[in-house]
Amino acid sequence: MRLTFTGRGRARDGGDPSRRRILAGAAGVAVAGPAAADTLADVPPRGPGAPLSSTSERSEYVHLSRIPESTPGRRPVDPSEAINSKAPLDRLVGTITPADLHYERSHAGVPDIDPARHRLLVHGMVKRDLVFTMEDIRAMPATSRVAFLECTGNGWENWKQAPPDVTVQNTHGLVSTNEWTGVPLRFLIDLVGADPGSTWMLAEGGDGSAVARSIPLTDEIIAEGMLAYGQNGEPLRPAHGFPLRLFLPGFEGNLNIKWLRRLKFGDRPFMTRWETARYTQLQANGAARQFQLRQEVNSVITSPSGMMQIRPGFNRLTGLAWSGFGRITRVEVSTDGARTWRDAAIAGPALPKAQARFQADWAWDGSPTKIVSRATDEAGNLQPDRASFIARTGTNALFHYNAQQTWAIDAGGNVRNVLA
Ligand SMILES: Nc1nc2c(c(=O)[nH]1)N[C@H]1C(S)=C(S)[C@@H](COP(=O)(O)O)O[C@H]1N2
Ligand SMILES: [Mo]
């Protein structure tokens, strides 16, 4: 095996320690088992390929899919019993989730909505009630933004217990990042002439579950919210709200009402069952917290992660970090069970309220250990360890779990989910 890093004829394996470690790792592989000759001679002969097609499929060698789940910890389930379907974080690269793999959470299935017949009613404390068609909405000025969406239930697997045999798709697959396109909420508010005394907005979906949520009309939400009709450059997929959804960067998934059909402006929260019976947080002292709407700073190592197996020597650690407070400014990793930490590199742009990809070099010496990451956002929030998270919130609640994720590695290189 020959592995060199050359650029314009110059050997470049000199000063960079990470590069040296890769070379050492590659040598290790060569020693462990004779590698096949690394030359073009092994490439299949060139010739005419498969016909071109109207849409591109994934390679036959790549298998990516979400996993439908019902209640936490119950799997596998029949898709018809699923309440959500998780994104394969362990198999994705970069930061953008392909639209067909964006996690899904639908309370009453996916309605079949003809965009020509869809309507959005805007009423309440506004100068005039208006009903918009999708054509009206697409004629309005639009904006695009890359941002994550996360279900507040993400991570609930590990709040109470830690099944060892789960993947990062199971533990953290209820978050995804897309580019969202739609009409700025501010434009619509100006258009309907919302009363300055109106401080809340009810958003209602057109599915069987009648999800409806009260949205506080803060400056931030007015500035950043959008009525989205596009994701990753194409119309929304039905699972994600076709033809129209509310998108509120950084705020809990449930507020991002899909199949949006009604916005009502008012001067107080509307107290729907979704914010009284559901999506409230039972605290350690028995009181319930309402309207905990922002997604906290979070991160997870996606490789190596649950159910993978690694070999001694060079390993690349990589993962995702995100925060509803803005940009990720720092990600640290520990390869000795949170005793010592070092900075991971943030690869590519760390956009506000979008997932950032981090990575770090690691030479594993083959002895059992634990790996863990922790992120910091631009507001200065540091992702808590599990013990301090539970000391603060107790274990009664279900939502907004953002404690550090620990993966244990045994002497055989098997990576397993553990609580700390
Ligand atoms: N109308 C409607 N909107 C909805 C839901 C729903 O079931 N119906 N689910 C909510 C929840 S709990 C989440 S986490 C997000 C999920 O969006 P996604 O399926 O596009 O990922 O949509 C929210 N909006
Ligand atoms: Mo959710």
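How much of residues 295–400 is helix and how much is strand, and how far apart are the end C-alpha atoms? In this predicted model, the stretch is 8% helix and 43% strand, with its end C-alpha atoms 7 Å apart. The UniProt record, an unreviewed entry, lists residues 295–400 as "domain: Moybdenum cofactor oxidoreductase dimerisation".

**The chain as a whole**

Seven helices and 26 strands make up the secondary structure elements of the chain. Its radius of gyration is 24 Å, close to the 22 Å that the globule rule gives for 420 residues, so the chain is as compact as a globular protein of that length. Along the principal axes, the C-alpha atoms fill a box of roughly 75 × 60 × 45 Å. Buried residues account for 38% of the 420. Of the contacts between residues at least 6 apart in sequence, 70% join residues at least 24 apart.

**A three-stranded sheet**

One open sheet holds three strands in the order S3-S4-S5, with antiparallel pairing. Strands S3 and S5 stand at the edges with a single partner strand each, so one side of each is left without a neighbour in the sheet. S4 and S5 pair over two bridges, and Ser-85 stands opposite Glu-104 in S5.

| Strand | Residues |
|---|---|
| S3 | 67–69 |
| S4 | 84–86 |
| S5 | 104–105 |

**The surroundings of ligand 1**

Ligand 1 is surrounded by 20 residues, of which the closest are His-107, Cys-151, Gly-205, His-240 and Gly-253. By class, the shell comprises seven nonpolar, nine polar and four charged residues.

Methods:
Residues are numbered from 1 along each chain as its sequence is written. Chains are lettered from A and ligands numbered from 1 in the order in which they are written. This is a predicted model: local features need pLDDT of at least 70, side-chain atom pairs count only at pLDDT 80 or more; totals for chains, interfaces and linings use all residues. Helices (H or I, at least four residues) and strands (E, at least two) are DSSP runs, numbered from the N terminus. The radius of gyration is taken over C-alpha atoms; the globule rule is 2.2 Å times the number of residues to the power 0.38. A residue is buried if 20 or more other C-beta atoms lie within 10 Å of its own, exposed if 12 or fewer, and partly exposed in between; C-beta atoms are placed from the backbone. Two residues are in contact if their C-beta atoms, placed from the backbone, lie within 7 Å. A residue is near a molecule or strand if its C-beta atom, placed from the backbone, lies within 6 Å of it. Ala, Val, Leu, Ile, Met, Phe, Trp, Tyr, Cys and Pro count as nonpolar, Asp, Glu, Lys and Arg as charged, and the others, Gly among them, as polar. UniProt positions are given in the numbering used here, feature names are shortened, and annotations may be inferred rather than shown by experiment. Two strands pair if DSSP finds at least two bridges between them.
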